[in-house]
Amino acid sequence: MTAPIPRDIPDLPAVPGMPALFASPVPATAVVAPYRRPLAAAYRLLVALVAAAAVTVDLFLGSPIRVLTYFTIQSNILLALVMIATARRAWTARRPVSPLVTGAALLYITITGLVYHLILAHASSPFAMTGGTVSGWQAVTNQVLHTVIPIAAVVDWLFLTAPGRLHLRMAATWLLYPMTYLAVSLGRGELILPGTPGRYLYSFLDVERHGYKSVLGNALLLGLAFYALSVLIVALDHARPNPIRHRAKTGFRLRPPVG
């Protein structure tokens with residue numbers, strides 16, 4: 001004989017907590033096939049080569065140590081290195097470079113172009129650098145480093161880079177380099193004898209001419225403008241459409257039901 005089935009079955013105790021989900025050992029590339037972007041890689045490599053060539057010409061035309069202290073030269077070198085890295089990633093279908101790095105390079109080269117055209121090369125600006133006529137190869141590299149490369153970097157960001165990768169928390173981090181550059185420039189000026197030509201590289205940082213109060217005020221205004229530009233770049237990065245939509249192939253196919 002079998003035992004009778006009880007009419008009332010007691011409730012089972014609830015399992016404490018939710019069961020943990022284990023991370024899948026299968027990488028995303030096993031499901032979504034990576035794809036190469038040779039056109040983007042070729043464009044970025046071309047931009048890097050042009051920037052590197054212009055910087056090299058400037059190094060031969062002037063004092064290498066002095067040339068390397070300019071924000072323009074440093075921002076172009078950084079952009080060339082980032083372009084080479086992103087070109088390699090696009091060619092080999094690897095993960096993209098960190099947006100913290102690519103966003104910083106984009107911001108600095110944009111600052112280079114805007115400061116030059118709005119402050120240094122503008123005739124009505126009180127800080128216009130009109131100390132001499134630039135001609136020959138120096139005029140060519142001047143336009144390449146301040147106009148061509150910044151525009152090329154913006155074009156790459158708008159048309160060859162996926163949107164939504166930049167974040168507002170990165171904006172403050174990006175400003176660390178301009179702040180460091182300001183401190184180094186002022187310290188460099190203090191180590192050079194007064195009256196020495198080129199003691200301060202940029203007219204709005206010339207303490208000998210404007211005094212520390214005006215220079216620090218200029219630096220504060222520029223810092224706020226740079227932060228606003230950073231926020232604008234992040235906002236546009238999230239608002240712009242995706243220029244590189246790609247229909248990825250998955251590792252499985254769904255078939256219609258039979259019958």
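Reader: Fine. Is this experimental or predicted?

Author: It is a predicted model.

Reader: How many helices and strands in the protein chain?

Author: Eight helices and zero strands. From the N terminus on, the order of elements is α-α-α-α-α-α-α-α.

Reader: What share of the residues is buried?

Author: 34% of the 259 residues count as buried.

Reader: And what share of the contacts joins residues at least 24 apart?

Author: 75%, counting contacts between residues at least 6 apart in sequence.

Reader: Now helix 1. What does it span?

Author: Helix 1 has 24 residues, and the distance from its first C-alpha to its last is 35 Å. That is close to the 34 Å expected at 1.5 Å a residue.

Reader: Which of its residues are buried?

Author: In helix 1 the buried ones are A40, A41, R44, V47, A48, A51, A54, V55 and D58.

Reader: Why would residues three or four places apart point the same way?

Author: Because an α-helix has 3.6 residues a turn.

Reader: What covers the buried residues of helix 1?

Author: The cover includes helix 2 (64-68), helix 3 and helix 5.

Reader: Take helix 5. At what angle do the axes of helix 1 and helix 5 cross?

Author: Roughly 160 degrees, with the axes coming within 10 Å. Helix 1 is therefore roughly antiparallel to helix 5. The crossing of the two is left-handed.

Reader: Which residues meet there?

Author: From helix 1 (residues 38-61), they include A40, Y43, R44, V47, V50 and A51, as well as D58 and L61. From helix 5 (residues 137-160), they include W137, Q138, T141, V144 and L145, with D156 and L160 also among them.

Reader: How does that contact divide by class?

Author: The contact of helix 1 with helix 5 has 16 nonpolar, two polar and three charged residues.

Reader: And helix 3, how do the axes of helix 1 and helix 3 cross?

Author: The axes of helix 1 and helix 3 (residues 71-92) cross at roughly 155 degrees and come within 8 Å. The two helices are therefore roughly antiparallel to each other, and their crossing is left-handed.

Reader: Which residues make the contact of helix 1 and helix 3?

Author: Helix 1 contributes P38, A40, A41, R44, L45, V47, A48, A51, V55 and D58. Helix 3 contributes I73, N76, I77, A80, M83, I84, T86, A87, A90 and W91. By class, the contact of helix 1 with helix 3 has 16 nonpolar, two polar and two charged residues.

Reader: Changing topic. What is the phi of A93?

Author: A93 has a positive phi of about 60 degrees, although A93 is not a glycine. A93 is in the loop between helix 3 and helix 4 (99-120).

Reader: Why does A93 count as partly exposed?

Author: Because its relative accessibility is 22%, and buried means under 20% while exposed means over 50%.

Reader: Last one, L182. Where does L182 lie?

Author: L182 lies in helix 7 (residues 176-191). L182 is partly exposed, with a relative accessible area of 22%.

Reader: Which residues is L182 in contact with, leaving aside neighbours within four places in sequence?

Author: L182 is in contact with L205 and A219. The C-alpha atoms of L182 and L216 are separated by 9.5 Å, and these two residues are 34 residues apart along the chain.

Conventions:
Residues numbered from 1 in each chain as written. Predicted model: local features only at pLDDT ≥ 70, side-chain atom pairs only at ≥ 80, totals over all residues. Heavy atoms only, no water. Axes fitted to C-alpha atoms, helices over the stretch in contact; angles between N-to-C directions. Helix = DSSP H or I, 4+ residues; strand = E, 2+ residues; numbered from the N terminus. Parallel < 35°, antiparallel > 145°, perpendicular 65-115°, else oblique. Left-handed = near helix turned anticlockwise from the far one by under 90°. Contact = heavy atoms within 4.5 Å. Nonpolar A, V, L, I, M, F, W, Y, C, P; charged D, E, K, R; others polar. Expected span 1.5 Å × (residues − 1). Buried < 20%, exposed > 50% of the residue type's maximum accessible area, 1.4 Å probe, protein only.
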